[in-house]
Amino acid sequence: MDGLRLRAATALAPLLLLVGCSETPSADEPASTPAPSATSESPSEDATATPTGEPTEEPTEEPAVEPVEEESPNPISVAALARAELAGGDLRLGAVRERSAAFTSYDVTFASTTAGEGTAPLRISGVLNVPTGRPPQGDQGWPAVVLAHGYIDPAVYVRGQGMTRERGYLAERGFVALHVDYRNHAESTDDPRIETAVRLGYSADVVAAARALTDSRDVRVDPDRIALFGRSMGGGVMLKALAAEPGLFAAGTGWASVSSLEAENFDQFQRPDAPVAELRASYRGRHGLPGEDPEFWRGVSSRPAFDQITEPVLLVHGRLDDTCPPRWARASQRALTAAGVDSTLEWYDDGHAFGPAFVAAMDRTVRFLRTRMPA
């Protein structure tokens, strides 16, 4: 089970976008439009006088309308993530971790960026399972799933940790499965402008993973059949990635997901672990706590951006989950549906880690993926 209760020292983790971004640039002031000059001639004393000269055939020139510049979003926000040109690619296969009759598992790395194309590059580590044999659709390639794991303290996290069962289950059923370690985890590059891992940055890394699969010459993947599967914290990563990059993935699924409102995640996982003064100090003046700066906290949440999601979504949750309360799943499902997203919520009599219900929930997930990513 992924441990979600962060220590106070990592209170910044769910909040910052990609990198400790620079201050919000102010939008340029629009140039003022000079007022059209008024005619200085006095009206004729003879109001009935016949006007002289022929009427002009040219239309009167209308005053130019100045374009209104859209206000730049807070650089620490889902909106800024959506504006960034998130690069990815250069999938490199490393050592073979495991070889079975059904699949081969490799250590891999791929390229990501700190804050979009043109900013400092990162190498993200992960584990890739490739089914044995040839893709059933020939040159189209394998269907694929990018896996976004839940919270595990980066200080103890090891490559591929958190979704080993899911990765193997998918590969045995004909899916390429790429488990993303995220920046600041395992052998991944540390984001150079922050002290701790950042969850909006994690969404950038799973976007980069999808692009790496699409561009790979070593693993033949169908670019139109790549899904994103997150569990716990990774469920939040999944929803933000779908909102930021509509059309990139074919489908999304989230197991035992955190709340789609980051203020609720803060209250559940960070607020109980440290005095308020210590939590406030850890943000170093970038923003306040949820009650002090609600606009910021909505900006780093996925729920306000649900109307940007174009892919079908499957949410899977345990009725006995005492880490991510079931009410969070209900609220996210209602909000997704209200935003017009094709979303389904499936319930199981299980807890956060999915023990007894794992196989049933995975079978349901595989059916969803096959239906939403048909050959």
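I looked up aspartate 349 and found it exposed, at 57% relative accessibility, where exposed means over 50% relative accessible area, buried under 20% and partly exposed in between (1.4 Å probe, protein chains only). Its partner in a salt bridge is arginine 319, at 2.9 Å from N to O; I count a salt bridge when a side-chain nitrogen of Lys or Arg is within 4 Å of a carboxyl oxygen of Asp or Glu. Arginine 319 is partly exposed at 44%.

I note that this is a predicted model, in which local features need pLDDT of at least 70 and side-chain atom pairs count only at pLDDT 80 or more, while totals for chains, interfaces and linings use all residues. Residues are numbered from 1 along each chain as its sequence is written, and side-chain values use heavy atoms, with hydrogens and water left out.

I then checked aspartate 222 and arginine 225, whose closest N and O atoms are 3.0 Å apart in a salt bridge; aspartate 222 is buried at 6%, and arginine 225 is buried at 7%.

Next I looked at the nonpolar cores, each a set of buried Ala, Val, Leu, Ile, Met, Phe, Trp, Tyr and Cys residues joined through side-chain atoms within 4.5 Å. The largest has 62 residues, of which Val146, Leu213 and Phe249 touch the most other members. Apart from that core I found another of 25 residues, including Met163 and Tyr348.

Finally, I listed contacts of leucine 213 (heavy atoms within 4.5 Å), and beyond four places in sequence they include Leu91, Val146 and Ile226.
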